[in-house]
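Please read these points with the model open beside you.

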Amino acid sequence: MARFPKNFLWGGATSAAQIEGGRCQDGKGLSHLDYVYYRGPKAPCNFMLKRDLEKAKAEEATLNFPNRRGIDFFHHYKEDIALLAEMGFRSFRMSISWTRLFPTGLEETPDPEGVRFYHDVFAELHRYGIEPLVTMIHYEMPIGFVEKYDGWVSPEIIPHCYRYLKFLIDEYKDEVKYWLTFNEINMVCAVPYLGGGIVLDRYDGEFEIPRGFKPFAPLPPDMAKRWNNASHQALHHQFIASAMIVKYAHETAPQCLVGNMFNLHHMYPETPSPQDALRAHEEHEFNRFFCDVMAKGSYPAWIRSWYRKNGVEIQWYDGYEEILAQGKVDFISLSYYLSSIVTADPERQERVGSFIRTLHNPYLETSDFGWQIDPTALRISLNDLRDRYGLPIYIVENGIGAFEEPGEDGKIHDGYRISYLRSHIEAIADAIEDGVDVIGYTPWGCIDLVSCSLVSMSKRYGFVYVDADDQGNGTYDRSRKDSFYWYKKVIASNGEDLD
Ligand code: BG6
């Protein structure tokens with residue numbers, strides 16, 4: 001019996017900020033990620049404090065902003081889509097850039113050149129029978145909103161966002177069937193600038209940034225308070241905007257399906273101790289909460305209690321319960337890269353904002369970047385999601401980032417990528433056999449692109465290599481890696497031939 005359904009949506013995933021470039025073309029405005037600057041090949045960049053943003057603005061002419069270049073998909077999209085078609089893609093995940101359509105976010109009508117660009121991209125995809133899967137907001141907002149509204153913290157951003165989202169449905173509903181509202185909506189709580197345009201220390205005197213502070217270090221209490229309050233407030237507003245557009249799409253474009261998108265994190269207890277098991281359970285509930293609100297249409301009791309215990313204060317949006325209940329998503333989508341383990345030992349357990357630091361699992365291998373490779377956790381989680389929501393599931397990100405240089409023959413031999421993807425595709429096939437309704441699989445960065453955490457080109461995920469370095473040097477020529485030919489075979493055999 002075939003392991004994957006006949007119309008399974010094999011493909012790959014990208015985002016506008018990480019591929020498009022073409023920033024100065026046709027009036028595109030600047031987004032908050034356009035101000036994230038490169039700090040070295042392994043240095044996380046997306047945690048922006050006030051001093052970082054000030055530096056980015058003051059030294060705009062000299063700093064390196066890789067997201068402004070992307071891989072120049074803006075000028076290469078025909079060639080890139082032809083390569084994806086050659087692999088047999090049935091689905092291509094991309095996002096629309098808010099600032100290409102509404103450069104400052106305040107305009108009443110969109111920029112016609114930007115509007116046309118996406119029509120052209122969709123037409124090119126359809127020419128090859130590739131179904132676009134569009135993320136409405138993939139880590140992007142007009143830079144002006146960072147200062148004007150404290151990112152997503154102020155509810156005043158919602159009408160501007162809704163105007164943009166509504167335009168997307170009105171304009172593209174006949175070209176795009178599958179939509180996602182916010183990429184990895186839970187990330188606003190882990191990396192507040194990235195997910196919500198929040199500059200944590202924007203209000204003077206609220207707290208001191210500790211000397212030598214590094215993102216992902218334990219937080220002083222006053223800083224943790226601002227972090228939790230701001231990020232969960234921003235999240236609340238994103239839930240509202242998302243539910244509003246789901247409702248609008250259901251009413252005006254019934255041919256469209258709208259999904260959520262969250263970063264799936266599977267947590268094992270470090271030991272069989274009941275206390276470790278409880279910690280793992282709490283982390284599990286925390287991870288699923290982001291999905292609960294969007295799929296079930298209400299805040300679960302568990303998170304309300306977590307808010308009380310952690311002193312999180314939310315200004316609830318007027319009528320929010322009804323808005324959420326009316327905007328439940330049609331399918332679940334997720335990114336999955338790694339699993340982690342947690343302990344109840346307070347000496348070794350650290351919380352960073354709302355998120356837990358993970359410990360090393362001795363049973364798992366890790367990628368070049370320390371991410372623990374665990375296909376079994378994906379299978380376990382898919383089963384859990386089936387039971388919890390009973391909705392179709394689209395796996396819209398998965399993959400392995402690696403440093404890669406062409407070998408002596410000028411080619412990239414990425415056997416480790418083939419082996420990572422093979423094991424995850426096996427796990428998905430097993431989950432389907434378990435009874436999970438998985439409708440598609442779009443591995444991340446199907447063509448090399450700018451890394452999100454490192455804003456570098458040197459962390460690569462693609463089947464297609466792009467000749468560009470972290471400084472923007474290179475020909476930007478595209479070439480096929482070994483995994484390109486392997487994935488082509490996988491798709492042609494509908495997941496049967498994984499050798
Ligand atoms: C997800 C994001 O978190 O992971 C992508 O949705 C991102 O935008 C991907 O690129 C991989 O992360 P990174 O930091 O390796 O690029």
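1. A crossing is left-handed if the near helix is turned anticlockwise from the far one by less than a right angle, and right-handed if clockwise. By that convention, α11 passes α14 in a right-handed crossing. The model is a predicted one.

2. Take the geometry of that pair next. Helix α11 spans residues 274-296 and helix α14 spans residues 375-389. Their axes are 11 Å apart, and the packing angle is about 40°. That angle makes α11 oblique to α14, because roughly parallel would need an angle under 35 degrees.

3. Which residues of α11 and α14 meet? From α11 come H284, E285, R288, C291, D292, A295 and K296. From α14 come S381, D384, L385, R388 and Y389. By class, this contact holds 6 charged, 4 nonpolar and 2 polar residues.

4. Helix α7 (residues 157-172) packs with helix α10 (residues 221-252). The axes lie 10 Å apart, at an angle of about 30°. α7 is therefore roughly parallel to α10. The crossing of α7 and α10 is right-handed.

5. The α7 side of this contact consists of I158, C161, Y162, L165, K166, I169 and D170. The α10 side consists of H237, I240, A241, M244, I245, Y248, A249 and T252. What is the make-up of the contact of α7 with α10 by class? The residues divide into 11 nonpolar, 2 polar and 2 charged.

6. α7 also has a contact with helix α5 (residues 112-127). The axes of α5 and α7 come within 12 Å and cross at roughly 50°. The two helices are therefore oblique to each other. Their crossing is right-handed. On α5, the contact residues are G114, V115, Y118, H119 and F122. On α7, they are F167, E171 and Y172. The class count is 5 nonpolar, 2 polar and 1 charged.

7. Now the backbone. Most residues other than glycine have a negative phi, and most peptide bonds are trans. D72 is not a glycine, yet its phi is positive, at about 55°. D72 sits in the loop between α2 (50-58) and α3 (73-86). D150 likewise has a positive phi, near 55°. Where is D150 found? D150 lies in the loop between α6 (143-149) and α7. Please look at both residues.

8. Rolling a probe the size of a water molecule over the atoms shows where empty space is left. How many cavities of 30 Å³ or more are there? The count is 6.

9. The largest cavity holds about 90 Å³ of space. Its lining is made of A16, A17, E20, G21, R23, K28, S31, D34, N67, R68, S97 and E140. By class, that lining has 6 charged, 4 polar and 2 nonpolar residues.

10. The second largest cavity holds about 70 Å³. It is lined by 13 residues. Closest to its centre are I137, Y139, F182, G195 and Q238. This lining divides into 7 nonpolar, 4 polar and 2 charged residues.

How values were computed
Residues numbered from 1 in each chain as written. Predicted model: local features only at pLDDT ≥ 70, side-chain atom pairs only at ≥ 80, totals over all residues. Heavy atoms only, no water. 1 Å grid on protein atoms, 1.4 Å probe; cavity = no way out; pocket = protein on both sides within 12 Å on 5 of 7 lines; lining within 4 Å. Points joined across faces, edges and corners; volume = space filled by probe spheres on them. Nonpolar A, V, L, I, M, F, W, Y, C, P; charged D, E, K, R; others polar. Axes fitted to C-alpha atoms, helices over the stretch in contact; angles between N-to-C directions. Helix = DSSP H or I, 4+ residues; strand = E, 2+ residues; numbered from the N terminus. Parallel < 35°, antiparallel > 145°, perpendicular 65-115°, else oblique. Contact = heavy atoms within 4.5 Å.
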